[in-house]
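Biologist: Please show me the structure. I would like to go through its side-chain contacts with you.

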Amino acid sequence: MSVTRRVAIDPVDPDPALIAEAGAVIRRGGLVAFPTETVYGLGANAFDEAAVARIFAAKERAASDPVIVHLAEASELGRVAAGVPPAARALAERFWPGPLTLVLPKQPAIPANVTAGRPTVGIRVPRHPVARAVIRAAGVPVAAPSANRFTRTSATLAEHVLDDLDGRVDLILDAGPAPLGIESTVVAVDDASVRMLRPGAVSAEEIAEVVAPLGIALRSGAVDASEAPGLLKRHYAPRAHLTVFHGPTERAVPAALRHAADELAAGRRVGALLADEDGPVPAGLVVERLGSRADLQAIAHHLFAALRRLDRAGVETIVAPTFGERGLGAALLDRLTRAAEGRVIEV
Ligand code: TXA
Ligand code: MG
């Protein structure tokens with residue numbers, strides 16, 4: 001493949017002709033990048049093994065990392081899941097369409113490369129009007145990982161998709177920034193338990209609230225490493241060397257800024273990911289303000305784009321304090337930890 005077409009599309013009221021074209025590209029085995037409410041996805045027909053193989057090739061993604069299957073409606077769950085436990089039903093009713101992925105036993109029709117050979121499949125019904133329209137037009141479930149090169153920062157703008165995948169995708173639907181900016185929460189569900197595999201846009205607290213009436217407590221983490229593939233230590237990584245400072249804000253922010261000042265004094269170009277109220281900052285620091293600590297949604301919305309901008313600014317090293325562990329804070333901590341390849345200093 002050589003030419004990638006990028007077209008602008010209205011995020012609320014997408015042009016039916018463009019949607020029909022995107023659906024046709026997917027149906028005939030091509031790749032379409034489209035916005036979801038979390039991040040941009042790189043979509044292919046989930047029932048077409050060769051098309052899914054093209055996703056892995058375009059991203060240079062490890063074959064061991066399974067891909068999420070996207071549906072236009074929860075009522076199509078039976079096409080991809082072999083069984084739906086009561087807790088999965090309750091979660092789907094509460095959070096779909098939306099940023100929650102349920103890992104359930106798979107239907108045999110799902111090719112092995114979608115699930116990386118596992119007996120389960122990750123499924124979600126996205127809420128973004130463009131994503132839903134594309135899936136509906138394709139007429140098939142759509143396998144879609146985040147539309148970035150493997151292990152790198154997720155794409156929250158069409159620009160990011162082009163930077164990573166130009167010449168490797170047939171069509172990019174550009175509907176502006178992905179609203180949430182952080183990926184879906186992934187939970188594995190069976191009759192007896194619900195397990196958090198990846199923190200994300202739906203908080204653990206919200207999920208626990210839904211499954212509690214069924215007598216199920218949300219467990220943190222997979223039963224074993226094989227249940228949570230794709231949770232690499234290095235993921236979402238910028239090119240620059242990121243160090244994260246985790247602890248109470250009144251300690252984490254000064255510690256991050258002291259480290260930044262030391263790096264600046266050593267003659268390095270340094271960037272920082274900060275909340276609006278974090279500071280004062282040393283002279284010469286390249287600062288990305290993500291939003292207020294009182295609005296973690298804003299911080300999540302800006303995180304990945306800010307990492308990419310710092311890379312483009314040519315900084316060699318980046319510092320970031322964390323944003324607590326409650327609500328979206330847990331997902332932010334997870335992404336920052338992986339983007340830093342585990343360089344997290346507890347303060
Ligand atoms: O918000 C999102 O989830 C975005 C948008 C495009 O929907 N997609 C996304 O996909 O983040 P991706 O491929 O970047 O991350 C999918 C992750 C895998 O790395 C893995 O951790 C988990 O979902 N996953 C998928 N299928 C699974 C399965 N069968 N068992 C366990 N984990 C699974
Ligand atoms: Mg990803």
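Biologist: Is arginine 6 buried, partly exposed or exposed in this predicted model?

Modeller: The model is predicted. A residue counts as buried under 20% relative accessible area and as exposed over 50%. Arginine 6 has a relative accessibility of 34%, so this residue is partly exposed.

Biologist: Which residue does arginine 6 meet in a salt bridge?

Modeller: Side chains of opposite charge can pair when their charged atoms come close. For arginine 6 the N to O distance in the salt bridge is 3.0 Å, and the partner is aspartate 174.

Biologist: How many residues apart are arginine 6 and aspartate 174?

Modeller: Arginine 6 is in strand 1, residues 5-8, and aspartate 174 is in strand 8, residues 171-174. The pair links distant parts of the chain, and the separation is 168 residues.

Biologist: Is aspartate 174 buried or exposed?

Modeller: The cut-off for buried is under 20% relative accessible area. Aspartate 174 has 17%, so this residue is buried.

Biologist: What is the distance between the closest N and O atoms of arginine 268 and glutamate 263?

Modeller: Arginine 268 is partly exposed, with a relative accessible area of 36%. Glutamate 263 is buried at 14%. The two form a salt bridge, and their closest N and O atoms are apart by 2.7 Å.

Biologist: Where do arginine 293 and aspartate 278 lie, and how many residues apart are they in sequence?

Modeller: These two residues form a salt bridge, with the closest N and O atoms 3.0 Å apart. Arginine 293 is in the loop between strand 14 and helix 8, and aspartate 278 is in the loop between strand 13 and strand 14. The pair therefore ties together parts whose separation in sequence is 15 residues.

Biologist: Which residues are joined into one network by salt bridges that share partners?

Modeller: A search of the whole structure finds 18 salt bridges. Some of them share partners, and the network they form joins Glu183, Asp334, Arg335 and Arg338.

Biologist: Is the aromatic pair of tyrosine 236 and phenylalanine 304 stacked, tilted or edge-to-face?

Modeller: The search of the whole structure finds one aromatic pair. Its ring centres are 5.7 Å apart, with 20 degrees between the planes. Planes under 30 degrees apart count as stacked, so the pair of tyrosine 236 and phenylalanine 304 is stacked.

Key: Residues numbered from 1 in each chain as written. Chains lettered and ligands numbered in written order. Predicted model: local features only at pLDDT ≥ 70, side-chain atom pairs only at ≥ 80, totals over all residues. Heavy atoms only, no water. Phe/Tyr/Trp six-rings, centres within 6.5 Å; stacked < 30°, edge-to-face > 60°. Salt bridge = Lys/Arg side-chain N within 4 Å of Asp/Glu carboxyl O. Helix = DSSP H or I, 4+ residues; strand = E, 2+ residues; numbered from the N terminus. Buried < 20%, exposed > 50% of the residue type's maximum accessible area, 1.4 Å probe, protein only.
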